[in-house]
Amino acid sequence: MADSAVRTLLAAVRRRTWRGEFVAAARLALWGTAGLMLLAVAVHLAIRSARVSVVLSLIVVLWGSMMARAASRRPSDSACALWADRYLGGASAFSTLLEMSHGSHIVAQAQALPWLEHWARARVPHSLHLLEERRDPPRLFRPLLSMFVCAAFATLVLALPNLAPSARQERAASGTSTSADRPVPEAEPPVTAELAGELARALRTTDAPRTSDRRAPAAGAGKSNRPSGSQVAPSGAAAPGERAIGGKTAGGNPVDAARTTGTPSTSSAGAGRDAGDSPDDRADTGTSRVLRSTMPMERRESSAPGRSAERRADMDQPATFDDDLPMPRTEVRADPAPAAATPPAAADTPRLTPSQAAYVQAWIRASGQRR
Amino acid sequence: MDKSERTTPLTSESAADSAYADAHRQLLELRALLDRVIVGQEALVTDLITAVFAGGHVLIEGLPGLGKTHLAKALAAALGLNWARVQCTPDLMPADITGAEIYTTAAGGASMFEFRPGPVFAQLVLVDEINRATPRTQAALLEAMQEKQVTHAGITHRLPSPFCVLATQNPIELEGTYPLPEAQLDRFMFKLMVPYPARESLRTMLDVSLDIEPADTLQPIASHEDVLRITELCRTVLLAERCKQAAVDLILATQPEAGRSNSGPRRHIRYGASPRALQAVVRAARVRAVIAGRSHVDVEDLEGAALPVLRHRILLRLESELDGLDADAALAAVIDGWRSQL
């Protein structure tokens, strides 16, 4: 129903818009080419040497797909009519005329359609004039420039194949470099564990005779139920000499041993067991001194007899507190109710052994659960 | 391209006899005539012509002295329609508008009740200050507007055709008024705002209407048959699928719960336009197309008809009203957003 004038306009619009599709596809392909070249450079520098033929084939595929996409997007009549309505002063006449001419609508308005055809036909020359005057810049300069810059850069980089790290590695592997020049892996956990195990075994074998010798007097005071092998301290534990001194000094006095090592006194109350042999022994409940640094105490004024009167008389003297005085050992021993176990004082053992640290962690965890 | 190029009347000999060409010519003549009488209100005159030929009723809002009554008189005189004027007051009764039965005695001595039609039986009814009438009277009038008939004592009386109500209301002095409810506002196809004339228009008024009343001297350029013919012709204007979709999108763009996020201008709207607004927009767009010399609707016709059709059919949120936003500003943003998506 649309006459030849309208068809001519739609054909001109189709040529224009289809050409615009190709220009847009070329623009995209130019940007894509530049991106592919940069990608090739990155691959060449980071992973391994990129082949120029692969890059070129990718570019050909990109351009081919873009052109095929543009070719497949041939504007339809309705799209051309809509474009003419929007940009060429059609005022919806061309799309309405095309819609009515397709016969999809029953045209009951017998007068309207001839007037519409007449209106559209009269509008065609003006629309063609507008179409000729219309200038759509292709906007290809920037993508073209980008593609040239990227191509030059890629040519420069791809011409230097030795920059690829794989090539460097191959050269290093085939060269005369010694094993010391090879890169050392940062961490190898299994090997480190094996080395640590070997080192621990070596330390145990060297410490075992000395430990048994030094424990001989303590063993005389009380027999341990454990075999001698089980009394060997783990690697990294406190110095064996320290425990031996504790054992000697105690001489059957478990309180002294506990004071030395910071373990509860009842843990060594058993015949001849050394304090600190194992974390399980230390976890046993028993009486312990309340240490200043581990438990908050209420500081009271000293109530020592004989001294309080003098101090009350002279108010200028500074007051002393109970914790400044030595704690009587007999009271600690006679305390029937065992106090809560406390971790070793940080002041006594500036650096905790792993077993002590594990004990402290367990104690803190247990105290937290009790709360 | 400027708008004048797109609305240039076609003068081809083959189309000279077309009904669309005649309608287009008559509408342009009517507009030019009213523009000479009502100086400086070109957009108002175009919208008024559009509403009359689309078969709708018009609510005109403006300050006193801006020529609302003058415009109605001039329109009636130019179209050759009989017209009536109702000045609304709080004591106006429904029978004062629709008519009443009176007891009469014939010459032979027979007595009977006779129906005396009220002013609503005129073809063009000017209802001045409609918001001063009581809701009962307003309802009687609005029922006649919708049904185009009056039922009295069980007898239905058809209103004449064409039938158009031009109601005016004053935006100030709201004391003692009864604002029209939303349901009754929806009966009006257009709500037109009468702007204050520009300086040049004021100057021209002195030459046109200082000593004479131009509306009284107007000669009709059309008859009510012409009005009916053009009204019927406007219903045959082609509407493409794209324009139908655009009209639906326009109405949905005023809905705050239309499935999209309430962002942008629609966040100011509490209640959007009704489906009756959709019909009104399309009918008005058809008349605008004929005024532009076309037999098909363009999106620009929809855009031109949108504001007068929708401005009294939306309700703004209280927060937006307190921010000083009015319906015109909110709708302008809605229309801009709708147009940008086409």
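Visitor: Why is Ala91 of chain A called buried?

Guide: Because Ala91(A) has 27 other C-beta atoms within 10 Å, and a residue counts as buried with 20 or more such neighbours (exposed with 12 or fewer, partly exposed in between, C-beta atoms being placed from the backbone), Ala91(A) is classed as buried. The model is a predicted one, in which local features need pLDDT of at least 70 and side-chain atom pairs count only at pLDDT 80 or more, while totals for chains, interfaces and linings use all residues. Residues are numbered from 1 along each chain as its sequence is written, and chains are lettered from A, ligands being numbered from 1, in the order in which they are written.

Visitor: What makes the phi of Ala91(A) worth a look, and where is the place of this residue?

Guide: Its phi is near 55°, a positive value in a residue other than glycine. Ala91(A) belongs to the loop between α3 (77–87) and α4 of chain A; helices here are DSSP runs of H or I with at least four residues, strands are runs of E with at least two, and both are numbered from the N terminus. Arg139(A), which is not a glycine, also has a positive phi, of about 55°, and is found in the loop between α5 and α6 (141–158) of chain A.

Visitor: Is Arg139(A) buried or exposed, and how do you know?

Guide: Arg139(A) has 10 other C-beta atoms within 10 Å and is therefore exposed. In chain B, Gln219(B) likewise counts as exposed, because it has 8 C-beta neighbours inside 10 Å. Gln219(B) sits in the loop between α8 (199–209) and α9 (224–234) of chain B, and its C-alpha atom is separated by 6.1 Å from that of Ala78(B), 141 residues apart along the chain.

Visitor: What makes strand β5 of chain B largely enclosed?

Guide: Strand β5(B), residues 124–128, has 5 of its 5 residues buried, so the rest of the structure largely encloses it. Both of its faces are covered, with Leu124(B), Leu126(B) and Asp128(B) buried on one side and Val125(B) and Val127(B) buried on the other. For chain B as a whole, 44% of the 342 residues count as buried.

Visitor: How do you know which strands β5(B) pairs with?

Guide: Two strands pair if DSSP finds at least two bridges between them. There are 5 bridges joining β2(B) to β5(B), which run parallel, and 4 bridges between β5(B) and β8(B), residues 164–169, again in the parallel sense. Val125(B) of β5(B) stands opposite Ala84(B) and also opposite Val165(B) in β8(B).

Visitor: Why are β2 and β9 of chain B said to stand at the edges?

Guide: The open sheet has 5 strands in the order β2-β5-β8-β1-β9, with parallel pairing. Strands β2 (83–87) and β9 (190–193) each have a single partner strand, so one side of each is left without a neighbour in the sheet. The partner of β9(B) is β1(B), residues 58–61, and the two pair in the parallel sense over 4 bridges, with Lys191(B) as the bridge partner of Leu59(B).

Visitor: Why are α2 and α3 of chain B called oblique to each other?

Guide: Helix α2(B), residues 19–37, and helix α3(B), residues 42–53, pack at an angle of about 135°, with their axes 10 Å apart. Axes are lines fitted to C-alpha atoms, for helices over the stretch in contact, and angles run from 0 to 180 degrees between N-to-C directions. Angles under 35 degrees count as roughly parallel, over 145 as roughly antiparallel, 65 to 115 as roughly perpendicular and the rest as oblique, and α2(B) and α3(B) are therefore oblique. Their contact (C-beta atoms, placed from the backbone, within 7 Å) includes Leu27(B), Leu30(B) and Leu34(B) of α2(B), and Val45(B) and Ile49(B) of α3(B).

Visitor: What does the contact between chain A and chain B take from each chain?

Guide: It takes 16 residues from chain A and 24 residues from chain B. On the side of chain A, α4 (93–101) and α5 (112–133) each supply at least two residues, and α5(A) gives the largest share, 6 residues.

Visitor: How do you know that there is a cis peptide bond in chain B, and where?

Guide: Omega is about 0° for the bond joining Ser161(B) and Pro162(B), which is cis. Pro162(B) lies in the loop between β7 (155–158) and β8 of chain B.

Terms used
Contact = placed C-beta atoms within 7 Å.
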